[in-house]
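Here are my notes on this one, in numbered points. Have the picture open while you read.

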Amino acid sequence: MRWIVEPDHESLSHFAAGVLLDQVRDVPESRLGLPTGSTPARMYEIAARRCRERYLCFAHVETWNLDEYVGIDSSHPSSYRTYMREKFFRHVDIDLDRTHIPSGDPAILQKRFPAATFDEALLLECQRYEGLVREAPLDLTILGVGRNGHIGFNEPGTPFDSPTHVVLLDESTRIANAPWFPDGCVPERAITMGPSTILTSRRILLLASGSSKREVVEKLREGVVDESIPASVLHRHDDVTVVVDIEAAGESAQ
Ligand code: GLP
């Protein structure tokens, strides 16, 4: 695991955007694993701007998002489909047919799996997504991390060998994500790539910004590999770079 400490969120975002753009320049048909959340938002903004300036081309890229909420429409303002469209996809020349996000949208699932109940359809959707991701390795996956160490929506205790699955969100995760649901209706479940799905990526970049991530960053630094800290599974991968800003690095930045 390589560690990079950047002064602040802005420079962390520039670094991450650089990694993303270099990957696409080197391999225009890259398969990318992509995150959501507040940490990568600025990375997407910078990458989209630099893409336009340099005529870099996302046209042949294929993207695979880590996760999505269950039970809301994909057009809901707080769905990860909406996040990706607003923060990134509509600003670059990506082909939307090549952007993949697991679906927890009842109408889409009903259409996709007409004979199934909603819960059966969710399981089928997980299998469908897992199968598609595994058709070929992702070249680069970028991850954020939750305060409790979750990656994607893999909450503490998730077996490391889990594939794409449905999760019941931790209360702490629902509270952390509540600002995006002003109506107070934070979904209770989500679909996420599992730790084992994430580990199939050739390269992984994990981003952690702000003092609320300090504790989990310290635990990652300690090197303990334990299912109570989902991000610690990354110690089992041989090409992981962790980029933190000074606030997240805390003591370990000294
Ligand atoms: C959500 C996402 C994760 C993300 C995490 C941290 O729960 N599902 O993929 O890493 O939030 O988000 P933030 O960057 O906003 O702290």
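1. Start with the ligand: 13 residues surround it, and the closest are Ser-38, Thr-39, Asp-67, His-150 and Lys-213. A residue counts here if one of its heavy atoms lies within 4 Å of the molecule.

2. Keep in mind that this is a predicted model, where local features need pLDDT of at least 70, side-chain atom pairs count only at pLDDT 80 or more, and totals for chains, interfaces and linings use all residues. Residues are numbered from 1 along each chain as its sequence is written, and side-chain values use heavy atoms, with hydrogens and water left out.

3. Now the polar contacts (pairs of N or O atoms within 3.5 Å). A ligand oxygen sits 2.5 Å from an N or O atom in the side chain of Thr-39. For the Ser-38 side chain the distance is 2.7 Å, and for that of Asn-177 it is 3.4 Å.

4. On to the helices (DSSP runs of H or I, at least four residues). H1 (residues 9-26) packs on H2 (residues 41-54) at about 50°, with the axes 8 Å apart.

5. Who touches whom? H1 brings residues including His-9, Ser-13 and Leu-20, while H2 brings Met-43, Ile-46 and Arg-50 among them; contact means heavy atoms within 4.5 Å.

6. H2 also meets H3 (residues 80-87): their axes come within 9 Å and cross at roughly 35°. Ala-41, Tyr-44 and Glu-45 of H2 face Tyr-83, Met-84 and Lys-87 of H3 in this contact.

Definitions and conventions:
Axes fitted to C-alpha atoms, helices over the stretch in contact; angles between N-to-C directions. Helix = DSSP H or I, 4+ residues; strand = E, 2+ residues; numbered from the N terminus. Polar contact = N/O pair within 3.5 Å; in protein donor to acceptor, adjacent residues only side chain to side chain.
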